[in-house]
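Colleague: I have a new model open and would like to talk it through with you. Could we take it one question at a time?

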Amino acid sequence: MSAISPSVSSARRESFSISVVSRAELSGCAPWTSTFADQRKDYRYYEILDDTLGDDFEYRYFAIVDNNGRVRAIQPFFLVDQDILEGLGAERIRWISLIRRFYPRFLKLRTLMVGCSAGEAHLAATENMPVDTVAETLSNGIIQQARSLNAQLIVLKEFPSRYRRVLHCFLQCGFVRAPSMPMTMLDIRYDDFDAYMIKALKSSTRKKLRKNLDATASVSDIRMSVTDDATSFVDEIYPLYLQVFERSRMRFEKLTKNFFRQLGQRMNDKVRFFAWRRGNVLVAFSLCMVQGDSLYAEYVGFDYTVALDLHLYHYVVRDMISWGISRGYKWFRSSGLNYDPKLHMGHRLDPIDLYVRHTSTLANAIFRLALPWIVPVRYDATLKLFPNYKELW
C-alpha cells in the first residue's frame, strides 16, 4: 500500500463545510489562484468566463472551509435557467411544445451547475485538499446550498469519466449519473499526417479524405497562420464562430467577442488561434488549447459561403494535426458534436458525465428514472458506431 502524505491524511481527519462566495471575495485568495493549475483551463479561464459571459450565467464559487474558518479550496459553479429537454430535438418533444404554449417555463428549471460553462469540469483539489475530500464536502452541503439559492436542480456538469469513483458519494446522496455528449481523442503519434493516414485509416476513408484535401489544394491562395493572441483580428473571427453556432442543433454557451479577445491577452501560454485566409479574407479559424502532450480543439468558425465547396473542415483538421505532430503532441482532442467525420478519422470517444439531482425528494424520485431517457446521447446514431460507445454509460 502506498504511503499517504501527512498533509493529505490530516485533511481527511478534519471536517469541512462549504459556503458561497462572490468573485470579489476571491481577491487575494491563494487557494483560488492555484485552482486547476494542472489543467489547461485554470482559474484564469473561469475569470474570463465570469467577465465575458456574465449576462447568460450567474457565476458563484463554493469556498471549502475547514473548522478553523480557513479557506482550503475554491470550486466554481454557476446558476442558469435550464431547459432539461434541450438537445432532444423538436420531433421528440412536440407534446412539450404544446404544454409550453400555456406554461412557458414547463420543465425549465433554475439550476445550480458545478463546473465550467464552456468546457468540461474538474474538482478543485489542491496539494493539501485531496479530490475525494472535495467531493465528499460538496456532496454533504450542496443540496442545502441549492435550496438557499432557489435552485430546483443541481447538475455536476461534464466531469470526465475518471472521476466516477470519486463522485460515487453523490450517487449515495440521491444523484443520478448520465452521459453528456462526449469529447473525442485521436492518437497522433506518427511521423507526419501522411503516416497517420496510411497506418490509422481504412483505405476507403483514406481515399475520400485525399479527394477532399485535393479539392482544397487546388485553391493555391489558402494559407494558415498560428498565434497566441487574436486581438488584432477578433472582428473577423467572431462572425465565423457565429455561423457555426447558428447551425448547431445543440447549444449551451454562446461566446462573446470579448471572450476571444481576453483569452489571448490573459492566457497566451495555453491558447493557440489557427487562422486560414484565402487571399486577404479569413475563411476559417480554430481556437485550440494546449496541455501536456495534448492539443485540444475547442471552437471553430467557418465562412459557409465557401467552406462546403472547399471541404474546409478536413483541410483545417489536417493542418491542426500536422502542426501538433510537428511539435511533439501525442493526442489531438476535440470537444463534442460533429461526430461523423471524427468516427471515420479514427477518434475514440472520451466520456464526460452529468450528475443530476432535484432538490425535492419526491420530484427527484421521478427524475432519477427519467434522466437516462432524456439525454441526447441515447438518440445519437453516430455515437453508437464508435467502438467504445459502451464506456459512455
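Predicted model: local features only at pLDDT ≥ 70, side-chain atom pairs only at ≥ 80, totals over all residues.

Colleague: Good start. Which helix is Lys-207 found in, and what distance separates its C-alpha atom from that of Met-197?

Modeller: Lys-207 belongs to helix H8. Met-197 is 10 residues away from Lys-207 along the chain. The C-alpha atoms of Lys-207 and Met-197 are separated by 9.5 Å.

Colleague: How are H7 and H8 oriented, roughly parallel or roughly antiparallel?

Modeller: The axes of helix H7 (residues 193–200) and helix H8 (residues 203–217) come within 10 Å, and they cross at roughly 150°. An angle over 145 degrees counts as roughly antiparallel, so H7 relative to H8 is roughly antiparallel.

Colleague: Let's turn to the second largest pocket. Which element gives the largest share of its lining?

Modeller: This pocket has a volume of about 330 Å³. Its lining has 18 residues, and those closest to the centre are Ala-200, Leu-343, His-344, Met-345 and Gly-346. Strand S7 (183–187), H7 and H12 each supply at least two lining residues. The largest share, three residues, comes from S7.

Colleague: And by class, how many residues of that pocket lining are nonpolar?

Modeller: The lining of the second largest pocket includes three charged residues and four polar ones. Its nonpolar residues number 11.

Colleague: Then the second largest cavity: which strand gives the most to its lining?

Modeller: About 30 Å³ of space lies in this cavity. Tyr-46, Tyr-59, Arg-60, Tyr-61, Pro-76, Phe-77 and Gly-115 line it, and their classes are five nonpolar, one polar and one charged. Strand S2 (58–66) and strand S3 (71–83) each supply at least two lining residues. With three residues, the strand that gives the most is S2.

Colleague: I'd also like to check the backbone. In which loop is His-311 found, and is it buried or partly exposed?

Modeller: The phi of His-311 is near 50°, a positive value in a residue other than glycine. His-311 is in the loop between strand S11 (294–302) and helix H11 (312–326). With a relative accessibility of 29%, His-311 counts as partly exposed.

Colleague: Asn-338 has a positive phi as well. Where does Asn-338 lie, and what is its relative accessible area?

Modeller: Its phi is about 55°, although Asn-338 is not a glycine. The loop that holds Asn-338 runs between strand S12 (331–334) and helix H12 (339–344). Asn-338 is partly exposed, because its relative accessible area is 43%.

Colleague: One more residue, please. Leaving aside neighbours within four places in sequence, which residues is Arg-247 in contact with?

Modeller: Arg-247 lies in helix H9 (residues 234–247). At 52% relative accessibility, Arg-247 counts as exposed. Leaving aside those neighbours, its contacts are Tyr-304 and Leu-308.

Colleague: Finally, the whole protein: what percentage of contacts between residues at least 6 apart in sequence join residues at least 24 apart?

Modeller: The protein's secondary structure comes to 13 helices and 14 strands. Of its 393 residues, 54% count as buried. Among contacts between residues at least 6 apart in sequence, the share that joins residues at least 24 apart is 75%.

Notes:
Residues numbered from 1 in each chain as written. Heavy atoms only, no water. 1 Å grid on protein atoms, 1.4 Å probe; cavity = no way out; pocket = protein on both sides within 12 Å on 5 of 7 lines; lining within 4 Å. Points joined across faces, edges and corners; volume = space filled by probe spheres on them. Helix = DSSP H or I, 4+ residues; strand = E, 2+ residues; numbered from the N terminus. Nonpolar A, V, L, I, M, F, W, Y, C, P; charged D, E, K, R; others polar. Axes fitted to C-alpha atoms, helices over the stretch in contact; angles between N-to-C directions. Parallel < 35°, antiparallel > 145°, perpendicular 65-115°, else oblique. Buried < 20%, exposed > 50% of the residue type's maximum accessible area, 1.4 Å probe, protein only. Contact = heavy atoms within 4.5 Å.
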